Each structure stands twice: as C-alpha cells, then as structure tokens.
Amino acid sequence: MSFIPSTLMPRIQPADLREAWLSEPKANLLSGLVVALALIPEAISFSIIAGVAPQVGLYASFSIAIIISIAGGRPGMISAATGAMALVVVDLVAEYKDNPTLALGYLFAATILAGLFQIAFGYLRVGELMRFVPRTVMVGFVNALAILIFLAQVPHILLSDNANRASQLQMNAIFIIAGLAIIYGLPRITKAIPSPLVAIVVLSALTIGMGFEIPTVGDMGDLPSALPWFALPEVPLTFETLRIIFPYALTLAFVGLLESLLTAQLLDDLTDTNSNKNVESTGQGIANVATGFLGGMAGCAMIGQSMINFRSGGRTRLSTLASGVFLLILILALGSLVAQIPMAVLVAVMIMVSIGTFDWNSIKPEAIKTMPRTETAVMVATVAIVVLTHNLAYGVFAGVVLSAVFFVRHVSHVVQVTSVVDPDNVERLFAVSGELFFASTNDLVHSFDYDSVKVKRVEIDLSNAHIWDSSAVVALDAVVKKFEERGISAELVGLNDSSQRLHVRTSGRLSAAH
C-alpha cells in the first residue's frame with residue numbers, strides 16, 4: 001500500500017495523455033536536449049560549491065529530472081541539482097572533510113530525509129500557502145534570480161580563475177558574442193530548431209575543428225563514466241546521525257520547496273495554466289529520496305533551466321524527461337564530445353536566460369511612479385537580500401514579512417468611528433467600521449471623545465466592523481469601561497456571528513497589557 005495519498009499523485013486521464021506528454025514532441029525533445037547541455041556545467045559547478053565530486057551533482061540532475069517528469073505537478077518545469085541547495089550543505093560536507101566517505105554519507109542521508117519532509121509537506125498541503133506570496137515578492141524573486149544567473153557567468157566571461165586568462169580572454173569574448181548573435185539572430189530567419197541548440201552545435205564544431213584554445217566543459221571536472229547504483233548512505237544508524245542531518249534536511253526541504261513552488265507559479269503565469277502545488281511538493285520529495293539512494297545531492301526546480309526550456313519550446317512532461325535522459329546519454333555515451341563544448345556558448349545561453357527572466361517592466365519609470373511606494377520597497381528588499389545572501393528563501397521570506405507589515409500598518413489605520421445624537425437627546429450612536437485587531441486597537445480606543453458625551457446611554461454599532469482577535473475585544477471592553485466611569489451606559493450592537501462568538505467567549509476575561 002502506498003504511503004502517499006492518491007490525491008497527491010499526478011492523475012493523467014487517457015484523454016489528457018497527449019496534452020501532458022505527446023503534444024509537439026519534436027519541440028519538447030529538442031528543448032530537453034538544450035536543457036541537458038546547459039545542465040552539465042551547472043551541475044558540476046554546484047558539486048564544486050558543495051565540496052563534492054562532479055558526479056554527485058550530475059547523478060542528482062538526471063535522476064531528479066527523470067523522476068519529477070512523472071511525479072511532479074508542473075509540466076515543463078526542470079528540476080535538478082541547484083546552487084541554492086548546494087549552499088545549504090556546504091557546512092555539513094566541510095565539517096567532515098577529513099572523512100570524505102562519512103561526509104558523503106551524511107549528505108545522502110540529509111537528502112533522503114529532506115525528501116521525506118517534502119512528501120509530508122505535500123500531504124499537509126503546504127503548497128496552498130503559495131497564495132500568500134504577494135505579486136511584488138514574485139517580481140523581486142524573478143529579478144533577483146536573473147541577476148544571480150548573470151553574476152554566476154561573470155567568472156566565465158572574465159576567466160578570473162583561468163591560468164591562461166591573458167591568451168584566451170579575447171577569443172572567449174568573441175565566442176560569447178557569436179553565441180548571442182546566433183541565439184537572437186536565428187529566430188528572425190527560422191524557428192524550426194531552438195537557436196541555443198544551434199549555437200552550441202555550431203560553435204562546438206568550430207572549436208573542435210579549428211582547435212581554438214578556450215575553456216571547455218571538460219575543464220570544469222571529470223564526467224562520470226558509469227551509472228549510479230542503489231545503495232544505503234554509509235552512516236551510523238543512530239540518533240546522533242539524525243541530530244547531525246536534521247537541521248540540514250529541514251532547511252533543504254524548505255528551500256527546495258520554496259524555490260520549486262515559486263518557479264511553478266512563474267511558469268503557471270507564463271503559460272496561462274494551473275499546476276498542483278501539493279503534487280509538486282510530493283514529487284520533489286519522491287525525487288530527492290530516490291536521488292539520495294542513487295548517490296546524488298538534493299535538488300529542486302531550477303528557474304534558469306525552466307526558462308531555457310520554456311524559451312526553447314518545452315511545455316510538456318516529455319521535455320523534462322528528455323532533459324534527464326539526454327543528460328544521461330551525454331555524460332555516459334558522448335562524454336568525450338561534451339567535454340569539448342566551449343563554456344563561452346553555454347555562458348551565452350545563460351545570458352539569454354538572464355535577460356529573458358528579468359521583468360524589465362518592473363523598473364520602467366512609469367511603472368515605478370504608478371506603483372505604491374510600499375510595493376516598490378518590498379520588491380527592492382527582496383532583490384537586495386537574495387543578491388547579497390545568494391539565498392532565494394531569505395529574500396522571499398523577508399519580502400513576505402515586509403509585505404505583511406505594510407499591510408497590517410495600512411489596515412490598522414482604516415478604522416473609523418462616527419457618531420450622531422438622537423433627536424430626543426436620550427442616547428448617542430457611534431458607528432465603527434474597519435478591521436479590529438491588535439494593530440488597530442490603539443486607534444480604536446482613542447477614536448471616542450468620551451468627555452463630550454452628555455447623554456446617559458450610548459450604542460456602539462459594529463455592523464461594518466469585524467473583530468479578529470482578543471486584542472480587539474480588550475479594546476472594546478476598555479471603551480465600554482471608559483464610558484461607565486463617566487456614568488454612561490454603553491452597549492455593543494450589530495456584531496456579526498463570528499465577532500459575537502469571539503466577544504462572548506473572551507469579554508471580561510482578559511486584561512490589557514501594562
């Protein structure tokens with residue numbers, strides 16, 4: 001019996017099979033090939049960041065891509081080893097660098113546990129919380145990622161880590177410019193074949209044929225020559241092991257899920273389709289659990305590669321599956337050729353992705369003038385934190401919190417109190433409108449002019465107000481008490497059912513904090 005609820009597994013009806021897998025197979029297969037070629041240097045780079053051998057990132061990339069194509073909730077989205085996940089485990093691997101086998105064991109165990117957490121998140125429907133991420137945070141997330149993608153290419157543009165920098169810098173720049181010319185120029189002539197793929201093939205053939213000395217994929221590290229085997233992580237099965245990997249696994253699960261759901265939301269917007277975020281969470285978990293047993297590091301959705309897939313025509317699950325299968329073929333069967341692909345052309349592809357990912361409309365003067373200042377502040381803060389920390393989760397979390405603070409600040413000042421005296425001068429009616437909660441209670445208490453009331457009875461009409469928490473109840477009790485201290489009877493009327501229940505349950509039982 002499966003431990004994963006059937007509602008969290010992707011359900012493809014026969015009528016939907018063509019749409020999900022077989023729609024425009026040529027475009028999706030070619031797009032998957034472009035993605036696979038771009039995945040190789042990135043997977044190697046992320047392995048280096050994490051402090052492990054290149055094969056760890058490569059094994060993770062093809063296994064996650066293949067599994068998520070079946071188990072995921074967003075067709076056309078690319079998942080593999082990522083920089084955000086690599087940064088999380090840097091300290092874990094470094095702490096046990098004197099024992100590489102144990103370090104890898106802890107890494108694989110943390111990957112498996114992170115996957116189990118993500119499966120649990122899917123079961124708990126955490127994906128539905130995506131609706132609480134404001135649009136401005138999404139824009140900040142996208143813009144920050146575009147900047148990070150470009151910044152990651154700078155060392156490959158300037159050859160800052162290359163011993164032969166002086167002799168290769170000019171030719172490297174020429175190849176990058178040539179790659180961009182093909183990528184942006186070819187679609188003006190034909191769109192039959194993805195222009196990034198043409199750029200990779202043409203410039204690679206030119207490099208091999210002419211013998212140009214410029215950095216290649218092979219310079220990034222050795223490619224694996226054999227398939228991974230299913231194996232248990234080589235760690236002690238003790239509570240001490242759990243104590244060590246638990247914080248890393250939990251962080252991996254949160255960071256991976258956040259990046260995956262934000263990427264899925266972005267693709268939803270670009271394709272005008274909807275995806276099941278809870279299925280995606282479960283699928284990411286299944287992929288990470290399997291990858292941990294196959295000798296790979298934790299991964300998640302890659303917005304950069306997903307954008308390459310989207311820009312190259314990939315829309316279905318076939319493109320995601322193809323990226324994993326082609327990656328496997330490229331590194332095992334065609335490794336010697338792949339190693340000769342110039343890094344410059346892959347840099348050109350990533351620059352295209354960076355330019356296409358950035359939301360240029362968000363920084364146009366007319367957009368900035370019309371957008372509320374608080375929303376601009378949220379977007380800028382999100383971008384700044386992501387770029388400074390290189391952690392998408394930090395930036396998005398800060399953006400959501402800042403948005404919440406601005407929202408609370410705004411609604412706390414929209415409480416209004418108006419009053420009228422009845423013709424017989426017997427009672428006075430106060431009408432309260434707005435949202436009554438902890439941030440608006442101070443304004444509420446001081447909105448009544450107690451000493452100007454000359455009648456013996458007042459009614460406080462709350463028909464257009466809503467009581468959200470006990471702070472509002474305490475504030476209303478304080479208002480009633482202030483009137484009573486002046487010999488005036490005060491009565492609350494017009495409460496809706498929810499507010500009435502909360503008021504009856506808590507009124508008179510709580511006191512204001514001193």
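On a 1 Å grid over the protein atoms alone, a cavity is a set of points where a 1.4 Å probe fits but cannot get out, and its lining residues have an atom within 4 Å of a point. Grid points are joined across faces, edges and corners, and a volume is the space filled by probe spheres set on the points. This is a predicted model, in which local features need pLDDT of at least 70 and side-chain atom pairs count only at pLDDT 80 or more, while totals for chains, interfaces and linings use all residues. Residues are numbered from 1 along each chain as its sequence is written, and side-chain values use heavy atoms, with hydrogens and water left out.

Searched as a whole, the structure has 2 cavities of 30 Å³ or more. The largest cavity holds about 50 Å³ of space. Its lining consists of I68, S69, G72, R74, P75, G76, M77, S79, E280, R317 and T320. Two or more of these residues come from each of α3 (54-71) and α13 (317-332); helices (H or I, at least four residues) and strands (E, at least two) are DSSP runs, numbered from the N terminus. Sorted by class, the lining has 3 nonpolar, 5 polar and 3 charged residues. Here Ala, Val, Leu, Ile, Met, Phe, Trp, Tyr, Cys and Pro count as nonpolar, Asp, Glu, Lys and Arg as charged, and the others, Gly among them, as polar.

The second largest cavity has a volume of about 40 Å³. R74, P75, G76, L267, T271, F310, G314 and R315 line this second cavity, which gives 3 nonpolar, 3 polar and 2 charged residues by class.

Aromatic contacts come next. The structure holds 13 aromatic pairs, where rings of Phe, Tyr and Trp (its six-membered ring) pair if their centres lie within 6.5 Å, and planes under 30 degrees apart count as stacked, over 60 as edge-to-face and the rest as tilted. The ring centres of F175 and F212 are 5.6 Å apart and the planes meet at 75°, so this pair is edge-to-face. It links distant parts of the chain, 37 residues apart: F175 belongs to helix α8 (residues 165-185), and F212 to the loop between α9 (195-210) and α10 (239-271). F175 is buried at 3% relative accessibility, whereas F212 is partly exposed at 26%; buried means under 20% relative accessible area, exposed over 50%, and partly exposed in between (1.4 Å probe, protein chains only).

Y450 and F483 form another edge-to-face pair, with 4.9 Å centre to centre and 65° between the planes. Because Y450 lies in the loop between α19 (441-445) and β5 (457-467) and F483 in helix α20 (residues 470-484), the pair ties together parts 33 residues apart in sequence. Y450 is buried at 9% relative accessibility, and F483 is buried at 0%. The charged end of K482 sits over the ring of Y450, 5.9 Å from its centre; the criterion is NZ of Lys or CZ of Arg within 6 Å of the ring centre and within 35 degrees of the ring normal.

Strand β4 (residues 427-436) runs parallel to β5 and is joined to it by 9 bridges, with two strands taken as paired if DSSP finds at least two bridges between them. G434 has A465 in β5 as its bridge partner. β5 also pairs with strand β6 (residues 489-493), in the parallel sense, over 5 bridges.

Technical notes. 1 Å grid on protein atoms, 1.4 Å probe; cavity = no way out; pocket = protein on both sides within 12 Å on 5 of 7 lines; lining within 4 Å.
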